[in-house]
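Please look at the chain shown below and follow it with the text alongside.

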Amino acid sequence: SLVGVVSVFFDGKTSKFRKLAVLPPHRRQGIGTQLLAAAEQTARRQGAAVFACDARLEQRAFYEARGFAPSGAPFRKYDASPQLYLKMRKPLSPVDGAPVPS
């Protein structure tokens, strides 16, 4: 059964992912890490030079441990929510045979 999800979007040299989520009973088992790794590999195969997301501030360490770095100051994504986010970015090395971004 489905226990996690991630959406990947491509925009030229940058690939962004959103909605990385794992159902609570299945967290802390490496599923999020596996989903993120698969999404990153897809981005590399598509020729992305950068992998990016808007991460919840409290998830910063998760992304930093996987090679992402914050870009800019924390921000509110939605006016009605107190939740703070950080733009996180990770440079990607090309995969052999992947298209080269122009």
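Lys19 is exposed, because its relative accessible area is 54% and the classes used here call a residue buried under 20% relative accessible area, exposed over 50% and partly exposed in between, computed with a 1.4 Å probe and the protein chains only. Lys19 lies in strand E2, and its phi is near 60°, a positive value in a residue other than glycine. The model is a predicted one, in which local features need pLDDT of at least 70 and side-chain atom pairs count only at pLDDT 80 or more, while totals for chains, interfaces and linings use all residues. Residues are numbered from 1 along each chain as its sequence is written, and side-chain values use heavy atoms, with hydrogens and water left out.

Arg28 has its place in the loop between E2 and H1, and at 88% relative accessibility Arg28 counts as exposed.

The secondary structure of the protein chain comes to two helices and six strands, where helices (H or I, at least four residues) and strands (E, at least two) are DSSP runs numbered from the N terminus. Read along the sequence, these elements follow the pattern β-β-α-β-α-β-β-β.

The pattern opens with E1 (residues 4-11) and E2 (residues 14-22), which pair in the antiparallel sense over seven bridges; two strands are said to pair if DSSP finds at least two bridges between them. E1 and E2 form a hairpin with two residues between them, and Gly12 in the turn has a positive phi of about 65°. Within this pairing, Phe9 stands opposite Lys16 in E2.

Which strands does E6 join? Seven bridges link E6 (residues 84-91) to strand E3 (residues 50-56), the two running antiparallel, and Val50 stands opposite Pro91 in E6. E6 is also joined by two bridges to strand E4 (residues 69-70), again in the antiparallel sense, with Arg89 in E6 as the bridge partner of Ala69. Strand E5 (residues 75-76) pairs with E6 in the antiparallel sense over two bridges, and there the bridge partner of Phe75 is Tyr85 in E6.

Is Ala52 buried or exposed? With a relative accessible area of 6%, Ala52 is buried. Not counting residues up to four places away in sequence, Ala52 touches Thr14, Ser15, Lys16, Phe17, Met88 and Arg89, contact meaning heavy atoms within 4.5 Å. The C-alpha atoms of Ala52 and Ala69 are separated by 9.4 Å, the two residues being 17 residues apart along the chain. Tyr78 and Ala52, by comparison, are 26 residues apart in sequence and 19 Å apart in space, C-alpha to C-alpha. Tyr78 is found in the loop between E5 and E6 and is partly exposed, with a relative accessible area of 42%.

On the helical side, Glu40 is found in helix H1 (residues 31-45) and counts as buried at 9% relative accessibility. Leaving aside its neighbours within four places in sequence, Glu40 is in contact with Phe51, Lys90 and Leu92.

The remaining values describe the protein chain as a whole. With 102 residues, a compact globule would have a radius of gyration near 13 Å, and the 14 Å of the protein chain agrees with this; the radius is taken over C-alpha atoms, and the globule rule is 2.2 Å times the number of residues to the power 0.38. Taken along the principal axes, the C-alpha atoms fill a box of roughly 40 × 35 × 20 Å. Buried residues make up 27% of the 102 residues, and residues 24 or more positions apart account for 54% of the contacts with a separation of 6 or more.

The protein chain exposes about 6,700 Å², of which carbon and sulfur atoms supply 53%, the accessible areas coming from the Shrake-Rupley method with a 1.4 Å probe. There are 16 positive and 7 negative side chains, and the centres of the two sets lie 3 Å apart. In this count Lys and Arg are positive and Asp and Glu negative, with His and the chain ends not counted, and the place of a charge is taken as NZ of Lys, CZ of Arg, CG of Asp or CD of Glu.
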